[in-house]
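Please keep the sequence and the structure in view while reading.

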Amino acid sequence: MKSSELNSFAPIRACRARPLAKTFGVAEQRRVIRGQTWLAGILILLLFPNAFAQTDFSTFWKKFRSTVIAGDKATVAEMTKFPLSMPYLVKAVKNKEDFLRRYNEIFKGEANAAQCFAKAQLQKESAGQYEIYCPFKGTPNDWENAPIRFIFELTKSGWKFAGLDNINE
């Protein structure tokens with residue numbers, strides 16, 4: 001083959017695909033289209049993992065708040081991002097098992113989260129982060145001094161509880 005033929009578009013034109021109607025019957029056409037549709041759907045899910053994630057924070061917050069108030073540790077763990085960030089000099093919570101073991105430290109330690117979540121106001125820090133500040137459990141009505149911060153972030157799988165902090169430390 002000559003080098004001029006290698007650079008030619010003639011071989012490409014000769015290999016052009018024929019329309020489905022000339023190549024396959026109706027049943028085969030439907031199967032091909034169904035396969036292409038399925039493939040397109042999978043590609044969309046892979047390219048946009050948040051496509052079906054829970055992006056509405058108010059829906060997440062209502063569920064999270066009610067599960068903390070009810071003390072439903074397993075559901076709260078499912079709504080948590082790991083590792084969970086903890087206050088200065090406190091070891092991060094590595095995984096679900098660690099979370100379940102340290103649940104009282106997180107939600108009943110310096111602040112009574114169930115009591116606080118019933119009254120506290122959420123603060124939007126950015127499009128992907130909300131925070132709530134709680135007073136110490138010894139002074140539950142001192143909203144002027146509410147240094148215990150619960151942090152929520154939008155992740156690839158939706159909103160998650162992402163951290164606990166004492167802003168005074």
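Glu-153 and Lys-81 join their side chains in a salt bridge, with 2.8 Å from N to O; the term denotes a side-chain nitrogen of Lys or Arg within 4 Å of a carboxyl oxygen of Asp or Glu. Because Glu-153 belongs to strand 4 (residues 148-155) and Lys-81 to strand 1 (residues 80-85), the pair ties together parts that are 72 residues apart in sequence. Strands (E, at least two residues) and helices (H or I, at least four) are DSSP runs, numbered from the N terminus. Glu-153 counts as partly exposed because its relative accessibility is 24%, and Lys-81 counts as partly exposed at 32%. Here buried means under 20% relative accessible area, exposed means over 50%, and partly exposed lies in between (1.4 Å probe, protein chains only).

The model is predicted: local features need pLDDT of at least 70, side-chain atom pairs count only at pLDDT 80 or more, and totals for chains, interfaces and linings use all residues. Residues are numbered from 1 along each chain as its sequence is written, and side-chain values use heavy atoms, with hydrogens and water left out.

Strand 4 also holds Arg-149. Arg-149 forms a salt bridge with Asp-165, and their closest N and O atoms are 2.8 Å apart. Since Asp-165 lies in strand 5 (residues 158-166), this pair ties together parts that are 16 residues apart in sequence. Arg-149 and Asp-165 are both buried.

Glu-78 forms a salt bridge with Lys-96, the closest N and O atoms lying 2.6 Å apart. Glu-78 counts as partly exposed because its relative accessibility is 46%, and Lys-96 counts as partly exposed at 30%.

How many salt bridges are there by this rule? The count comes to seven. A network of salt bridges links Asp-98, Arg-101, Arg-102 and Glu-105. In general, side chains of opposite charge can pair when their charged atoms come close.

Attention may now turn to a residue in another helix. Thr-67 is found in helix 5 (residues 57-70). Is Thr-67 buried or exposed? Thr-67 counts as buried because its relative accessibility is 9%. Leaving aside neighbours within four places in sequence, Thr-67 is in contact with Asp-72, Thr-75, Val-76, Met-79 and Tyr-103, where contact means heavy atoms within 4.5 Å.
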